[in-house]
Amino acid sequence: MAKVKQRQLGGLPPKYGFIVNPYPEERVSRCPLCDRKTGQRKIPILIHVNPKHLIALNYTCRYCRDCNLLIAHKHEIEHYLTVLFSQQAPDAIGNDYLAVGTVEKSAWKEGLKQQQSIDKLLPHASDFVTYYEELQLTRAGYYQAGQKPPVAVPPPSQEWVKTSHESRN
Ligand SMILES: [Zn+2]
């Protein structure tokens, strides 16, 4: 599986692998890397939203203990981002974004209490060890011998989209 490179932001050593599932119907109950059953892990995910927003989202990922892999559902992440940004920065809704790592839960909680800026969280953040390309599934159905099942095209974003009167970026 291809890996995407990025520069390090967090002050702590990189911790988890990360993959995004873009299919709303797919629960990823099995790990895409090793096919073992996945569990859950609730952890603050650090997300960069263009042009200059950095937020920590406390989110329940699917998790494979064996691969140390967090799996996030794209439509859920975009739902939470839309709720958050509709209050804080509606202009940024629909902009490109990238999950960059995780934040220690204690630092994240402290940040909520004292309204700390994200700069204060970065020393307590860990980049992802590996950021995998989006999950790809093949389309279900019957195929002839030797025929390769086509890749299912994920549906477009429903909520995290620019509306016409807001499209300035
Ligand atoms: Zn696994």
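Reply: Residues 24 or more positions apart account for 70% of the contacts in the chain with a separation of 6 or more, where two residues are in contact if their C-beta atoms, placed from the backbone, lie within 7 Å. The model is a predicted one, in which local features need pLDDT of at least 70 and side-chain atom pairs count only at pLDDT 80 or more, while totals for chains, interfaces and linings use all residues. Residues are numbered from 1 along each chain as its sequence is written.

Buried residues, those with 20 or more other C-beta atoms within 10 Å of their own, make up 25% of the 169 residues in the chain. The largest nonpolar core has 29 residues, and those with the most contacts inside it are Phe18, Ile45, Leu46, Leu69, Leu70 and Ala72; such a core is a set of buried Ala, Val, Leu, Ile, Met, Phe, Trp, Tyr and Cys residues joined through C-beta atoms within 7 Å. Two or more residues of this core come from each of β1 (17-21), β2 (39-49), β3 (53-64), β4 (69-73), α1 (74-88) and β5 (97-103), and β2 gives the most, with five residues. Helices (H or I, at least four residues) and strands (E, at least two) are here DSSP runs, numbered from the N terminus.

Phe18 touches Leu70, Ala99, Phe128, Tyr131 and Tyr132, when residues up to four places away in sequence are not counted.

As for the setting, the chain has three helices and seven strands, which follow the pattern β-β-β-β-α-β-α-α-β-β when read along the sequence.

Definitions and conventions: Buried ≥ 20, exposed ≤ 12 C-beta atoms within 10 Å, placed from the backbone.
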